[in-house]
Amino acid sequence: MTRNKINISILIAIIFLGILLFIINLLVGSVAIPFTDLFDVLCGKKSNPTVATIVLDYRLPQAVTAIYAGAALSVAGLLMQTLFRNPLADPSMLGISSGAGLGVAIIILMTGVLGGSALSTMGIWSNLGVSLAAFAGATLVLMLILGFSSRVRNMTTLIIIGLMISYLAGSMTDIMKFFSMKEDIHAFVIWGMGSYSAVGTSKLMFFSTSITLGLFASLFMSKNLNILLLGDLYADNLGLNVKRNSIFIILISGYLTAIVTAYCGPIAFLGLAIPHMTRFIFKTSDHRILVPTVMLIGMIVSLLCNIIARMPGLEGNLPINAVTAFIGAPVVIWVILRKR
Amino acid sequence: MEVLKVKDLHIGYRDKAILPPINVSLNEGNLIALIGPNGAGKSTLFKTLTAYIKPVSGSIELMGKELSSYSAKEKAMLIGLVLTERPDDMFLKVYDVVSSGRCPYTNFFGKIEKDDENIIQESLEIVGINQLKDRYFNTLSDGEKQKVMIAKTLAQDTPIIFMDEPTAFIDYPSKIELFSLMKMLTKERNKTIIFSSHDLELLLRYTDDIWLISKGKQLISAKKDDLIGNDILKEYFNLKEDIKI
């Protein structure tokens, strides 16, 4: 009982922290915005049009993107870790991010070599094209993994297959890049660093709705995820259709990762580190608690990373991947050491 | 009442049978030991009887109905399982493991109702681990973990329980404790328990029937009294030395 009370206090503190970080996200950047101005803009009062543009067209969509991407990647990581009962599992391990990368490389090569012009010169189409290609690549790998998962019973085998697909996609990407135009290689490298700014107001609705769907689906998996903790044989004995359940979990996790990767690039370490942080904060392995709290902590850490990436004094943004790795990698090392 | 009836059962993987056809039947409230060397097919037999793998051919009747005709949920309410593999998760609590036994009965979100809570509590008490319920499973000794898995199976509330080598990896006093617990469950709670074990001398003191299994041989079901002062074991397992029981 006392543990429950502690958890509820932690939860309230975390929600407040989240709101605070969200506001800081709107205030901080290459142009600092005073709190009163922000308040005016958010309340719809008359205000400086430049400030309104910065907040409403840039920072607000970016902060919302950070929230959704953080929640989605973290839950995707939790699902993979429980399914494979492996603390180092995350969707990128199954090759889903590499698949997205390959998709992006293919579209860049196609427009560059066949179309005769660099993709980066094609304005709005380049953004949309990159997102679509990334999603197609991720989905293709996801389908491959699902195909294999219905054939192999052993989850370790599936991880190895995923890793190999990841290498294959990676090497194909490198070959594509070799034949691409210089300007586009630059575009690819930028995509690979990850960014929350590419979604923008126009695509935010689609982005957030698709992710919300995936997050809801993962909430419904809580009971099955709890049973999976006992191992496949026990889960089967308790009436769970282990194979069908694995397919659902891979599908939800892959879907969430594919959407985020398509719009924001391959963002590393959130999926790996956030589930561990959440388990340690709430000291539980009950997924009815873990799934929603992992979403919450994923949102918060993602907002924090976005603030660090846009620290005042920095001209432009740091790549988000540099920040997530900086926070995520030590967490993972700490977890591995604690486990012994 | 007859809980299990096995007729002309061939067990194995894919289409390959590994043993001659098996014919056995079991009444409720019996404690059955399955003994035989490693690799004889004990695990395959257990996996087949618990419907984890399909039989090559033949029939398995459970409570008067063909095993394959039950839904996954119905099976989960009939057959309980205790394995040698153990959950391994840092923050898994004893209570969580035991309450997972209620999974076939709870709703979509696994909500524990009053009735479930009562059965969980009772299971913890029968096994004698009520004081451990808030501990993390990973911090327990092997013997304690074994008890938790048994409590989980009792919470599952099934008439039949299969245990795969329950006495392996635990110390001698815990073995005796475990055997008397199994005996109590069959005699006082009318459970039917089938377990595999290598602790021949000990298990003879507690079990009702013993199933002998050996590579390529017909499975035979023997009464404990038949084995005592007899050469059945020596002949069945091709031993050179006499076994005095």
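Me: With which strand does strand β1 of chain B pair, and over how many bridges?
Reply: First, the ground rules: this is a predicted model, where local features need pLDDT of at least 70, side-chain atom pairs count only at pLDDT 80 or more, and totals for chains, interfaces and linings use all residues. Residues are numbered from 1 along each chain as its sequence is written, while chains are lettered from A and ligands numbered from 1 in the order in which they are written. Strands (E, at least two residues) and helices (H or I, at least four) are DSSP runs numbered from the N terminus, and two strands pair if DSSP finds at least two bridges between them. Strand β1, residues 2-10 of chain B, runs antiparallel to its partner, and the pairing is with β4(B) over five bridges.

Me: Which residue of β4(B) stands opposite B:V6?
Reply: Look at the pairing of β1 and β4 in chain B. Opposite B:V6 stands B:V24.

Me: In what order do the four strands of this open sheet of chain B lie, and which are the edge strands?
Reply: The pairing in this sheet is antiparallel, and the order is β4-β1-β6-β7. An edge strand here pairs on one side only. The edge strands are β4 (22-27) and β7 (65-66).

Me: Where is B:M63, and what is its phi?
Reply: B:M63 sits in the loop between β6 (57-62) and β7 of chain B. B:M63 counts as partly exposed because it has 16 C-beta neighbours inside 10 Å; the class lies between buried (20 or more other C-beta atoms within 10 Å of its own) and exposed (12 or fewer), with C-beta atoms placed from the backbone. Its phi is positive, in a residue other than glycine, and the value is near 50°.

Me: Which residues of β8(B) are buried on each side?
Reply: Side chains in a regular strand alternate between the two faces of the sheet. Both faces of β8(B) are covered. The buried residues are B:I79 and B:L81 on one side, and on the other B:G80 and B:V82.

Me: Which residue of β9(B) stands opposite B:G80?
Reply: β8(B) pairs with strand β9 (residues 160-163) of chain B in the parallel sense, over four bridges. Opposite B:G80 stands B:I161.

Me: How far apart are the end C-alpha atoms of α4(B)?
Reply: The expected span is 1.5 Å times one less than the number of residues. For the 14 residues of α4(B) that should be 20 Å. The end C-alpha atoms agree, at 20 Å.

Me: Which element gives the most to the side of chain B that touches chain A?
Reply: The contact takes 23 residues from chain B and 21 residues from chain A. On the chain B side, α2 (72-78), β8 (79-82) and α3 each supply at least two residues. With four residues, the element that gives the most is α2(B).

Me: How many residues of chain B count as buried, as a percentage?
Reply: Chain B has nine helices and 12 strands. Its C-alpha trace spans about 55 × 40 × 35 Å along the principal axes. Of its 245 residues, the share that counts as buried is 39%.

Me: Now chain A. How far apart in space are A:S30 and A:N317?
Reply: A:S30 lies in the loop between α1 (2-27) and α2 (35-42) of chain A. A:S30 and A:N317 are 287 residues apart in sequence. C-alpha to C-alpha, they are separated by 8.7 Å.

Terms used. Two residues are in contact if their C-beta atoms, placed from the backbone, lie within 7 Å.
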